[in-house]
Amino acid sequence: MDTVSDRFDTSRFEASRNRLASLAYRLLGSASDAEDAVQDAFLRWQAADRERIDVPEAWLTKVVTNLCLDRLRSAQARHERTAGAWLPEPLLEGDPMLGPADTFEQRESVSLAVLTLMERLTPVERAVYVLREAFSYSHAEMAQILDITESASQQHVHRARTRVADERRRSGEADPASARRVVEEFLAAAASGRTERLVALLTDDVMALSDGAGLAKRLLKYKTPKQVASYVRAGFKPTPAKRRLAGGSPTFQFALVNGSPAVLAVVDHRVVGAVAFEVSDGKVASLRGIGATGRLARLNKAWRQHEPDAPVITAW
């Protein structure tokens with residue numbers, strides 16, 4: 001029987017749902033997996049003796065964190081993520097799963113660049129990095145969540161921060177308006193075939209990753225300005241085969257994805273591809289192309305409720 005107490009306890013869980021989903025997404029890099037972890041936590045919450053839970057928010061954080069660690073350690077996850085075909089699932093600006101964004105550290109922790117870099121961390125390093133940078137948990141709190149000592153928590157945070165910082169290709173945040181101008185100029189050069197202008201808009205250490213529209217078994221990587229320019233030029237060159245693959249002739253829309261400027265390829269209000277950029281000192285420092293249908297599901301759902309600006313490119 002549904003009691004007043006049950007409804008109250010369900011309401012307490014729902015009040016934490018967005019925070020828990022944001023935590024799970026940062027840990028897993030997948031919105032669908034994050035939703036599954038939160039739902040599993042809800043089932044455990046329902047089955048628990050809730051009168052013995054002193055601080056529900058702390059209990060739920062511990063449960064979700066450890067459910068995510070179990071997923072990261074699973075054989076299937078290790079295989080998928082080490083096979084070289086894994087990229088984070090992009091989220092449209094305003095998605096509650098992006099979570100807290102008051103500080104630079106919180107915004108950076110959910111960027112596609114950092115979510116990709118965190119694949120190089122151990123599951124525990126990833127957990128302490130997220131709990132500390134995005135949610136400001138103390139080492140004492142993290143020790144309780146992860147069943148480790150405070151000293152171990154400090155060591156894990158130090159290693160995680162060092163490994164992420166060593167791999168970062170930019171510092172600070174680009175002004176959104178300036179970043180948009182750079183991306184639009186870059187897109188215009190790509191569409192026109194001006195390869196030399198593309199190269200001029202790239203940093204010397206630029207990097208590009210692509211999932212090959214979901215068709216490649218491994219991620220496609222490009223590490224020099226000329227390689228990246230050639231990849232981009234080829235990707236934006238329209239062909240009948242690409243139109244068939246996309247299901248029509250797409251328009252290209254500017255958007256913010258995980259806090260970064262992005263260009264979305266849209267056919268009949270459906271996103272068929274996303275390219276997210278990092279901009280540094282007026283140039284493109286990195287870009288990530290995502291076209292696998294499964295990785296675009298949540299973004300597509302949000303896009304259908306979104307009021308976009310005029311397309312950057314209308315005829316392709």
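Me: How do the residues lining the largest pocket divide into nonpolar, polar and charged?
Reply: The lining has 24 nonpolar, 7 polar and 3 charged residues. Ala, Val, Leu, Ile, Met, Phe, Trp, Tyr, Cys and Pro count as nonpolar, Asp, Glu, Lys and Arg as charged, and the others, Gly among them, as polar. One caution: this is a predicted model, where local features need pLDDT of at least 70 and side-chain atom pairs pLDDT 80 or more, while totals for chains, interfaces and linings use all residues. Residues are numbered from 1 along each chain as its sequence is written, and side-chain values use heavy atoms, with hydrogens and water left out.

Me: What volume does the largest pocket have?
Reply: About 800 Å³. A pocket here is an open set of points on a 1 Å grid over the protein atoms alone, with protein on both sides within 12 Å along at least five of seven lines; lining residues have an atom within 4 Å of a point. Points are joined across faces, edges and corners, and the volume is the space filled by probe spheres set on them.

Me: Which residues are closest to its centre?
Reply: Of the 34 lining residues, Ala213, Gly235, Val272, Gly273 and Gly291 are the closest.

Me: Which element gives the largest share of that lining?
Reply: Strand E5 (270–280), with 7 residues. Helix H12 (225–236), helix H13 (240–246), strand E4 (260–267) and strand E6 (283–290) each supply at least two. Helices (H or I, at least four residues) and strands (E, at least two) are DSSP runs, numbered from the N terminus.

Me: How many cavities of 30 Å³ or more are there?
Reply: The count is 1. A cavity is a set of points where a 1.4 Å probe fits but cannot get out. The space in the largest cavity is about 50 Å³.

Me: What lines it?
Reply: Leu112, Ala113, Val257, Ser260, Ala276, Phe277, Glu278, Ser286 and Arg288. By class, that is 5 nonpolar, 2 polar and 2 charged. E5 gives the most here, with 3 residues.

Me: E5 again. Why is E5 described as largely enclosed?
Reply: Because 10 of its 11 residues are buried, E5 is largely enclosed by the rest of the structure. Buried means under 20% relative accessible area, exposed over 50%, partly exposed in between (1.4 Å probe, protein chains only). E6 is largely enclosed too, since 7 of its 8 residues are buried.

Me: How many bridges join E5 to E6?
Reply: 7, and the two strands run antiparallel. Two strands pair if DSSP finds at least two bridges between them. Phe277 stands opposite Leu287 in E6, and Val279 has Val284 as its bridge partner. E5 and E6 form a hairpin with 2 residues between the strands, where Asp281 takes a positive phi near 50°.

Me: And on the E4 side, how many bridges join E4 to E5?
Reply: 6, again in an antiparallel pair. Leu264 stands opposite Ala274 in E5. This hairpin also has 2 residues between its strands, and Asp268 in the turn has a positive phi of about 50°.

Me: Switching to the cores. How many residues has the largest nonpolar core?
Reply: 65, and those with the most contacts inside it are Phe13, Tyr25, Leu146 and Leu264. Helix H1 (residues 4–28) gives the most to this core, with 8 residues. Apart from it lies another core of 31 residues, including Leu187, Leu202, Ala265 and Val272. A nonpolar core is a set of buried Ala, Val, Leu, Ile, Met, Phe, Trp, Tyr and Cys residues joined through side-chain atoms within 4.5 Å.

Me: Last one: is Leu245 buried or exposed?
Reply: Leu245 counts as exposed, at 56% relative accessibility. Its place is in helix H13. Leaving aside neighbours within four places in sequence, Leu245 is in contact (heavy atoms within 4.5 Å) with Ala213 and Leu215. Leu245 and Ala213 are 32 residues apart in sequence and 9.2 Å apart in space, C-alpha to C-alpha.
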